Amino acid sequence: MTYASYPALRLRRPRASAWSRAMHAENRLSPADFIWPLFVTEGQEVEEPIAALPGVSRWSVDLMVQRAKEARDAGIPCLALFPNTQPERRSDDGVEALNPDNLMCRAIRAIKDAVPDIGILTDVALDPYTAHGQDGLLDEAGYVLNDATIDMLIGQSLNQAAAGADIIAPSDMMDGRIGAIREALEEEGHANVQIMAYSAKYASAFYGPFRDAVGSRGLLKGDKKSYQMDPANSEEALREVALDLEEGADSVMVKPGLPYLDIIARLKDAFAVPVFAYQVSGEYAMIEAAVAAGAGDRDALVLETLMAFKRAGCSGVLTYHALHAARLLHG
């Protein structure tokens, strides 16, 4: 392929005016691209600001319903829910995850009753429920057991689906859990419940504020490197995604987001399936810190980073800036 050369070709020509830039834009952002992660806590009319995430709070179930209405009105199609489980309800086996009246299930039901036309994505992993902060069950040496954990994850998934969850999102990174959860959902009559697999979830340094938000930071002993992926690896991400798709995942996720745009692009090119990214708590906190330091404009930083995900190939993004970005795009 050959092109004209300067001055016949001037690449600045289409950039000269706003209407032309809009017409030539290769990617566009919409509120429909966003999933809004929200933290739910016990009580009534409770808002608990999270110090490590300026502008983000934990909300009691009644106030979570208000957040759902705000999301719907802003054009956001889906919420991602994460519970801040009380310490006395945590245990080594995370059995509170199976309680049909646990915090997550109550929030699902309340939102679905009040705002039935918004989607609900639920995290499937045991770390919000374990006393040790790991995503699964431990053996005597502290190693996370794969197959025993899957049995718990199946029960957790069915519990959330029965409460009304639309998308089950296993974030645990156990081998084989997608196929096991899919089979169980089919057998229990939840054929239309989607699975968004955290397929490429890295053992990242960007998760700290999230652990504060769900109350697991001080509980975690050791790290999660025996099941979350090594940040050095990309070929492994392709293998993880291939397995999850074979097992019945409807979509896949990369987590964290911006440091792994290369992974997003490779997955989209290799599989041509819906790929989502989680712009995680540390990424959000860095943007807010830059704004507070006068190092950048929040609106511009938020929209530019979200556009980067679209350019890399994302179908959508989980972001704590979802409501702010949606309102910016609504004008």
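Author: Buried means under 20% relative accessible area, exposed means over 50%, and partly exposed lies in between (1.4 Å probe, protein chains only). This is a predicted model, in which local features need pLDDT of at least 70, side-chain atom pairs count only at pLDDT 80 or more, and totals for chains, interfaces and linings use all residues. Residues are numbered from 1 along each chain as its sequence is written, and side-chain values use heavy atoms, with hydrogens and water left out.

Reader: What makes Arg298 partly exposed?

Author: Its relative accessible area is 30%. That value falls between the 20% and 50% limits, so Arg298 is partly exposed.

Reader: Why is the contact between the side chains of Arg298 and Glu288 called a salt bridge?

Author: A salt bridge is a side-chain nitrogen of Lys or Arg within 4 Å of a carboxyl oxygen of Asp or Glu. For Arg298 and Glu288, the N to O distance is 2.7 Å. That is within 4 Å, so the pair qualifies. Side chains of opposite charge can pair when their charged atoms come close.

Reader: What does the pair of Arg298 and Glu288 tie together?

Author: Arg298 is in helix α10 (residues 298–312) and Glu288 in helix α9, so the pair links parts ten residues apart in sequence. Helices are DSSP runs (H or I, at least four residues), strands are runs of E (at least two), and both are numbered from the N terminus. Glu288 has 9% relative accessibility. It therefore counts as buried.

Reader: How do you know that Arg177 and Asp244 form a salt bridge?

Author: Their closest N and O atoms are 3.6 Å apart. The limit is 4 Å, so the pair meets the definition. Arg177 sits in helix α5 (residues 177–187) and Asp244 in helix α7 (residues 235–247), so the bridge joins parts 67 residues apart in sequence.

Reader: Are Arg177 and Asp244 buried or exposed, and what makes them so?

Author: Arg177 has a relative accessible area of 1%. Asp244 has 4%. Each value is under 20%, so Arg177 and Asp244 are buried.

Reader: How many residues apart are Arg67 and Glu70 in helix α2?

Author: They are three residues apart in helix α2 (residues 61–74), which means about one helical turn between them. Arg67 forms a salt bridge with Glu70, with closest N and O atoms 2.9 Å apart. Arg67 is buried at 9% relative accessibility, whereas Glu70 is partly exposed at 26%.

Reader: How many salt bridges does the structure hold?

Author: There are 16. Asp127, Asp135, Lys201 and Lys224 are linked in a network of them.

Reader: What space is called the largest cavity, and which residues line it?

Author: On a 1 Å grid over the protein atoms alone, a cavity is a set of points where a 1.4 Å probe fits but cannot get out, and a pocket is an open set with protein on both sides within 12 Å along at least five of seven lines; lining residues have an atom within 4 Å of a point. The residues lining the largest cavity include Asp127, Asp135, Lys201 and Lys224. Phe82, Tyr207 and Phe210 are also among them.

Reader: What volume does the largest cavity have, and what does volume mean here?

Author: About 90 Å³ of space lies in it. A volume is the space filled by probe spheres set on the grid points, which are joined across faces, edges and corners.

Reader: What is the volume of the largest pocket, and which residues are closest to its centre?

Author: The volume is about 270 Å³. Of its 17 lining residues, the closest to the centre are Trp36, Gly55, Val56, Tyr284 and Tyr320. Strand β1 gives the largest share of the lining, four residues.

Reader: Which residues have the most contacts inside the largest nonpolar core?

Author: Leu79 and Leu81 do, in a core of 76 residues. A nonpolar core is a set of buried Ala, Val, Leu, Ile, Met, Phe, Trp, Tyr and Cys residues joined through side-chain atoms within 4.5 Å. Another core, of 24 residues, lies apart from it and has Phe39 and Tyr198 among its members.

Reader: What makes Ala161 buried, and which residues is it in contact with?

Author: Its relative accessible area is 7%, under the 20% limit, so Ala161 is buried. Ala161 lies in helix α4 (residues 146–163). Beyond neighbours within four places in sequence, Ala161 is in contact (heavy atoms within 4.5 Å) with Ile168, Leu185, His190 and Val193.
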